[in-house]
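Good morning, and thank you for coming.

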Amino acid sequence: PPPPAVAPPPAGQQGKARVAPFIAKLHKMVCTPDTDHSIRWANDGRSFIISDTGRFESEVLPKYYRHNRFSSFSQQLHTYNFTQRAKSSCLDLSLEYAHPLFTRGAREELQAIKRGAAGAAGAAGGGGGVPSGSPRTQPTAPAPAVAAAPEGPQAYGAAGGTEEADSPALGDCAAGDAIQIRRILRAHQQRVANIDKQFHMAHQSIRMLMIRICEKLALRCHRPDASPMDKARFSKLAGSLHLVRNEVAAALKAESGPGAGGPGYPGMPTAPACG
């Protein structure tokens, strides 16, 4: 007897591309409310924000991937052409990543996210309709040679478990990825420089405030109607305040350079002697 006929797959599943494991896990991780303490969607739903990299490494990454290294996770993002959005304030330590096809509520577009330039070409041609075992998937022309990537734990720079089949290889990093990484490094260096500058300005403001407080308190110690015993006490207190004021002013002058800080500099009136 002839073999029974096999029903064809549903129309919606014919030629359906497979979502990369890294992208599928990333989407699940961002959509899970339990991980909102360290990773969540942005308000517009077109990017995701990592607000606490420490907890993200120790609590979230091990649940979804076979490692807990943020550097490996970031490398994967750049391999899949995610871009990091710049922050308006250098004090914002969170990280925000975006991809045109990685948006909230659009899971059907995840299958078009591919690695590197090859993924972009496949997405543009509507790829995914040919089975992986078909001869049509073989390239018609030899691909350009790339440097062999290290295998095993060396791909992530540490001993132990490795990422699954879609782990990034060093040969997959194109020149554009290297340029993007250098831009991110320069942006982080600029943030550190801005934070150092703001800390220096805040330190100077605190010292100037201490100088003004000492001067005002020293002025209040000048009381002609006080008794001789009180005058002696006020005079001793005023001397201590002047001493503190002069030490802070000298430190401010040494920190800011010549012409800034020190007794009698503009904007800082010197309190008269008491007693």
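In helix α1, residues 21-31, the buried positions are P21, F22, I23, L26, H27, M29 and V30. Buried here means under 20% relative accessible area, with exposed over 50% and partly exposed in between, using a 1.4 Å probe and protein chains only. Helices (H or I, at least four residues) and strands (E, at least two) are DSSP runs, numbered from the N terminus. The cover over these α1 residues includes β1 (39-41), β2 (47-50), α2 (53-64) and α3 (70-79).

A word on provenance. This is a predicted model, in which local features need pLDDT of at least 70 and side-chain atom pairs count only at pLDDT 80 or more, while totals for chains, interfaces and linings use all residues. Residues are numbered from 1 along each chain as its sequence is written, and side-chain values use heavy atoms, with hydrogens and water left out.

Let us turn to the nonpolar core, a set of buried Ala, Val, Leu, Ile, Met, Phe, Trp, Tyr and Cys residues joined through side-chain atoms within 4.5 Å. The largest one has 25 residues, of which L26, F48, F73 and F102 touch the most other members. Two or more residues come from each of α1, β1, β2, α2, α3 and β4 (95-98). Helix α1 supplies the largest share, five residues.

Next, the aromatic pairs: rings of Phe, Tyr and Trp (its six-membered ring) with centres within 6.5 Å, called stacked if the planes are under 30 degrees apart, edge-to-face if over 60, and tilted for the rest. There are twelve such pairs in the structure. How are the rings of F48 and F102 arranged? Their centres lie 5.8 Å apart with the planes at 70°, so this pair is edge-to-face. It joins distant parts of the chain, since F48 sits in strand β2 and F102 in the loop between β4 and α4 (116-124), 54 residues apart. Both F48 and F102 are buried.

Y65 and F73 make a tilted pair, 6.2 Å centre to centre with 55° between the planes. Y65 is buried at 5% relative accessibility, and F73 is buried with a relative accessible area of 0%. Ring pairs also link F22, F56, Y65, F70, F73 and Y80 into a cluster.

Finally, why is α3 described as largely enclosed by the rest of the structure? Eight of its ten residues are buried, among them F70, F73 and L77. Just after α3, N81 adopts a positive phi of about 65°.

Key:
Contact = heavy atoms within 4.5 Å.
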